[in-house]
Structure formats: structure tokens, C-alpha cells
Amino acid sequence: MPDATLGARSDALYVRRFEVAVTDGVDRGARFASTSDRLSIGTSEGNELRLTDPSVSRHHCELRTDARGLELRDLGSTNGTFVGECEIVRGYIQHKSKLRVGHTTLVVHVLDDEVAHVLATSDRLGPILGASPAMRKLYPLLEQCAASDATILVNGETGTGKELIAEALHDHGPRRNGPFVVIDCSALSHELAESELFGHERGAFTGAEATRVGAFEQAHGGTIFLDEIGELPATLQPLLLRALEARTVRRIGGNGQRAFDARVIAGTHRDLRALVNAKQFRADLYYRLHVLRIEVPPLRERGDDVRLLAAQFWRTFRPDRAPPPELLAGLAAQDWPGNVRELRNAVERAALLGWVPTEDATSYQVAKERAVLAWERTWVEALLAAHEGNLSRAARAASMGRSNLRSLARRHGLLAGPDAPDAPDA
């Protein structure tokens, strides 16, 4: 049986191809052979295997080759994805597996040939660091996308460095000398979100004492990065779609449209296709954003990058001392569900609070957890104090969700009651 895996050599990453064929249903006879490590199935445009079966969702499921094999993932479809009698949300399948999507039956064949993806020779691109095949495969794609002025969707788990990816795209593109404006859509309050994005005129609403230039106008001549676009309020989605189509914005309280010339990059840790299926994200806005797509690999798929990144972070915090080899080995042996951000925080704690090698891995873990809690309480306490207890302002300043900050504050007993009200915004 063919092995549905991938392998790296010095100059390229070789991905085993696979084919999906429709054996039963209204689209019987249709088939598609993969041209990369992914293949999506659904009724909407943009799917590699596009079906007409009305019981199949717009974005039904996706197949992906990784180091473990061929992964099948349902995209929040209405009728589910089945292998035999088992409904699969996410799992690995074998050569000649039969899938059922809606009223359609598919057979997956792992092929004997491969697709080669060129690997960069460097271990970095701008602010991005990583020598693993997954990252060296990404660098050439980033350079190609940077040269274009098309809208880009950057998809990756929380903490994988989506903002750094956007920054690299900006720095390596023709707009590098223009502004780079970042908007965290998850931190936008419903009341001020439209003003943050599009601006307002003086007197447009209570408290609008001066004219405000919105993020799109601020980014004129440069790049605007809409981070966590999946959290954008539904009321703003049609306004954003219009802005992207017309390349104009209207300030709140204003009469005319104002043109902007900015490269748009959107980032999200959520799969927007699943949100489209659930009618939580507009399909037309998704297609407008998904002109080019970049998938940022999680840290668990990046091999020895943990040591490389940890050493780099250590030098940032302790330039006076080389990183302890035992620390790097201990970090490399752990899982990092929080990805690069979690690793950076762990190295910062070790560098600033001190790190003492231990013979017992459990003792190291206990010490790490205690240091995390101590640092976390101090950080949350200082953040809230700096913003006079206003959770919304503090969350925006920290680029995190208000609910996440509230949970941290509750954990450390820093809220006066079950949920202390915000102090008035200044």
C-alpha cells in the first residue's frame, strides 16, 4: 500500500499525491488529483473537488498530507463526513478509504508520485525564524505573495506568529515604505468598531469631540492587517466587504466616500469556511479575503525549531549569557499547544526569574507552573492598574480578548465581585 506521507531532502519537500474519485451520487465519475498537500471538497467555488450534490455543504471537508499520513477534517458541514458508519470530525484515513459526504460516496487513492515544494536555503525571512522544512517551504511562498498586491488570508493557530507573517509580507513588498497598521478584530468593541476601521467626523455621536481617521485611511500607501478577522461583528461584515470592493470608506457622520490605497492582509485562527457553513461569516466576504492563502504551521510540526527559537528568545532577554543547553533540551522535550507565543513566554520567565537545572522532570514542571502563576498575576495586576480597572481598554492594550483577560483576573482574585464593571473610558 502506498505510504501517504511527506519527506524532505536538502532542496525540496516531497509530498505524496492522492486522488479523490466520486463513485456514487449525482457527480459520479468526477475526480481530482491533489497538486499540493491539501484538497478541499464542497459545492462552492474554490474547492478543488467541486460537487453539485445539494446535500453537500459549501465547504464540506478537507484532506491534508502531513508527517503522520493523510488527515481528513470535516469543516463544520451540515450532514457530516463519514467513513463507514463512523462520523469523522478529524482523523487519519488509509489508502482506498471510502468517504460519504451528503448523498455522495468518494474513494481516496494514495498515488505513487510526489509533488516537490522548493525549500528556501535560509533559516529566516525578516522577523520570521525557522529552519524546519515546514518553514523553509513557507518562505518562497511569502516572497511570491509579497510581490503581489492581492488580498491575503493568513490562517494559523493562536500563537503561531500571524502578525509576523503579515509584517514580513509588508516589508518584502512594494509598499514597504508605507505604514503598517494592525487592527485586532477580537478586541474591537461593538460600539467603537466602525469608528476604529472607518473613522468618524466631529460630532458624529456622543463623545466624538474631534475627527478621527480610521485604520483604512491610516494605512493609505501601505498595509492594513486585520487580525482575527473571524471575530469581526456581523454588523460590520457588509461594510468591510463594500470597502474592499470599492476601495473607499465613509466616516461615521460623513457624507462622502474617501478612497484608500492599502494592501489588505487578514489573519485568523479559525477556519472561515466552517464559519461560512454556520452562517456566522459572509461567504462573499470570505471569497474577497481569500484571494491568496497562507497556512502557518503550528510549532508541533516544526521539529527542531523549538531549540532555535528558544535560543533566539534567550538572547533577547539575556544577551550577557549563552542559553543553558539543559534548558534548551528541556524545552524541546515539551509540547507547546500555545505555539511560539507560549514558548517565548516560557523562555522570558526562565531568563528573568532564573532557571535552575533539576534532575527531576516533574520538579521542573512544578517550578515552571509556579513561576507562570506568579508572573501572570503580576502582569495582570499591572495591566489593570495602568488602565484604571477598565477591562475593555486593558484588553485592547494587551491585544487580547476581554473575556480572556476577565478570566485571568478572576483566577488571581483581581476582580471586585463576579465581574466588576468597567470604569468609564477616557
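Me: How many bridges join strand β16 (residues 180-184) to β19, and in which direction do the two strands run?

Reply: The model is a predicted one. In it, five bridges join β16 to β19, and the two strands run parallel. Pairing requires at least two bridges between the strands, so β16 and β19 count as paired. Within this pair, Val 181 stands opposite Ile 224 of β19.

Me: What makes β19 and strand β22 (residues 263-268) a pair?

Reply: Four bridges join β19 to β22, again with the strands running parallel. Since at least two are required, β19 and β22 are a pair. Here Phe 225 stands opposite Ile 265 of β22.

Me: Why are helix α8 (residues 305-317) and helix α10 (residues 339-353) called oblique to each other?

Reply: Their packing angle is about 45°, with the axes 9 Å apart. Roughly parallel would need an angle under 35 degrees, and roughly perpendicular one of 65 to 115. The crossing of α8 past α10 is right-handed.

Me: Which residues make this contact, and how do they divide by class?

Reply: From α8 come Val 306, Leu 309, Ala 310, Phe 313, Trp 314 and Phe 317; α10 supplies Val 340, Leu 343, Arg 344, Val 347, Glu 348, Ala 350, Ala 351 and Leu 352. By class, 12 are nonpolar, none polar and two charged. Arg and Glu count as charged, and the contact includes Arg 344 and Glu 348 of α10.

Me: What makes α8 oblique to helix α9 (residues 325-332) as well?

Reply: These helices pack at an angle of about 135°, with their axes 9 Å apart. Roughly antiparallel would require over 145 degrees, and roughly perpendicular ends at 115, so α8 is oblique to α9. This crossing, too, is right-handed. Val 306, Arg 307, Ala 310, Ala 311 and Trp 314 of α8 meet Leu 327, Leu 328, Ala 329, Leu 331 and Ala 332 of α9. The contact has nine nonpolar, no polar and one charged residues.

Definitions and conventions
Residues are numbered from 1 along each chain as its sequence is written. This is a predicted model: local features need pLDDT of at least 70, side-chain atom pairs count only at pLDDT 80 or more; totals for chains, interfaces and linings use all residues. Side-chain values use heavy atoms; hydrogens and water are left out. Axes are lines fitted to C-alpha atoms, for helices over the stretch in contact, and angles run from 0 to 180 degrees between N-to-C directions. A crossing is left-handed if the near helix is turned anticlockwise from the far one by less than a right angle, and right-handed if clockwise. Contact means heavy atoms within 4.5 Å.
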